[in-house]
Amino acid sequence: MKIFNLHLVSDSTGETVSSVARAALAHFDDVEPEEFSWTLVRTKTQMERIIEAIRENPGAVIYTLVDNQLRDMLKMECARRGLPCIAILATVVSELSSFLGLETHASPGKQHELNEEYFTRVDAIGYALAHDDGQAHWDMEDADIILVGPSRTSKSPTCVYLAYKGYKAANIPFVLGCPLPASLETLKKPMIIGLTISTDRLQQIRKTRLQSLKQEDDTNYVDMEHMQQEISESRKLYNQHKWPVIDVTRRSVEETAATILQYLKKHQEKVHAEV
């Protein structure tokens, strides 16, 4: 295992530089970064503190900085120490500027301005929280997406992730012996998707969950036969309603969400065609 220091420097929330760093590191086996995250960096004093930290813990630097002075300070320090100093957006912005024939007018955190898109995301996140785990199931016509699945099939985190993308997502648990809300039968706008998972993976996740809660695992919740029945009956339900089914066994939340959005696009096209 190769362990190294990684400094993530941003004049905004740090979300972009963090996401890109993780995507890049996924291409390497047996590496473990010791991350130093520096966000909302907008003054010379802040940059001086970061430079001092880099001196104490030398390592790779990945950054997004608009201010030329701060950027130059960071680059010069890294050059002096022979450290990589990677600007993750510079090439993309430069190429787009050339293609569009326009100059850039950047400002720190511009992508996080309180515009219509921002408030759409906030509204969607509030919707996901209010309609989590079957809450307010009588009021789901405004949803874009409704996820149905047994416990621990990533329904809630997937809904929150979709909400961050601006989609109103709700979820309803599938429980053996408990009928789903009758209101699902009358919904027109939302796309309903069934989530499934392998029983081995489900048992692993549920046991970990019980351990985190310091609860005994001698229960139907982790019983293999019971879980096999849950998965089998939930799939029968999905097929009965002709809902798309996504197996989340080997999918991350991001991958599940990407597949959901592919289904949503087809669903919306179908709805528009019928109007």
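Colleague: I'm looking at Leu102, in the loop between α4 (90-100) and α5 (116-130). Why is Leu102 called exposed?

Modeller: Its relative accessibility is 53%, and exposed means over 50%, buried under 20%, and partly exposed in between (1.4 Å probe, protein chains only). So Leu102 counts as exposed. Bear in mind that this is a predicted model, where local features need pLDDT of at least 70 and side-chain atom pairs pLDDT 80 or more, while totals for chains, interfaces and linings use all residues. Numbering starts from 1 along each chain as its sequence is written, and side-chain values use heavy atoms, with hydrogens and water left out.

Colleague: How do you know whether Tyr63 is buried or exposed?

Modeller: Tyr63 comes out at 5% relative accessibility, so Tyr63 counts as buried. Tyr63 belongs to strand β3 (residues 60-64). Leaving out residues up to four places away in sequence, Tyr63 touches Val9, Val17, Arg71, Leu74, Lys75, Cys85, Ile86, Ala87 and Ile88, contact being heavy atoms within 4.5 Å. Asp11 is 52 residues away along the chain, yet its C-alpha is 8.6 Å from that of Tyr63.

Colleague: Why is Thr158 called buried?

Modeller: Its relative accessible area is 0%, so Thr158 is buried. Thr158 lies in helix α6 (residues 155-164), and beyond its neighbours within four places in sequence, its contacts are Leu147, Val253, Thr256, Ala257 and Ile260.

Colleague: What about the phi of Ser154?

Modeller: Ser154 has a positive phi of about 70 degrees without being a glycine. Ser154 is in the loop between β5 (145-149) and α6, and its relative accessible area is 29%, so Ser154 is partly exposed. Asp30, not a glycine either, has a positive phi of about 55 degrees. Asp30 lies in the loop between α1 (15-25) and β2 (31-38), and at 55% relative accessibility Asp30 counts as exposed.

Key
Helices (H or I, at least four residues) and strands (E, at least two) are DSSP runs, numbered from the N terminus.
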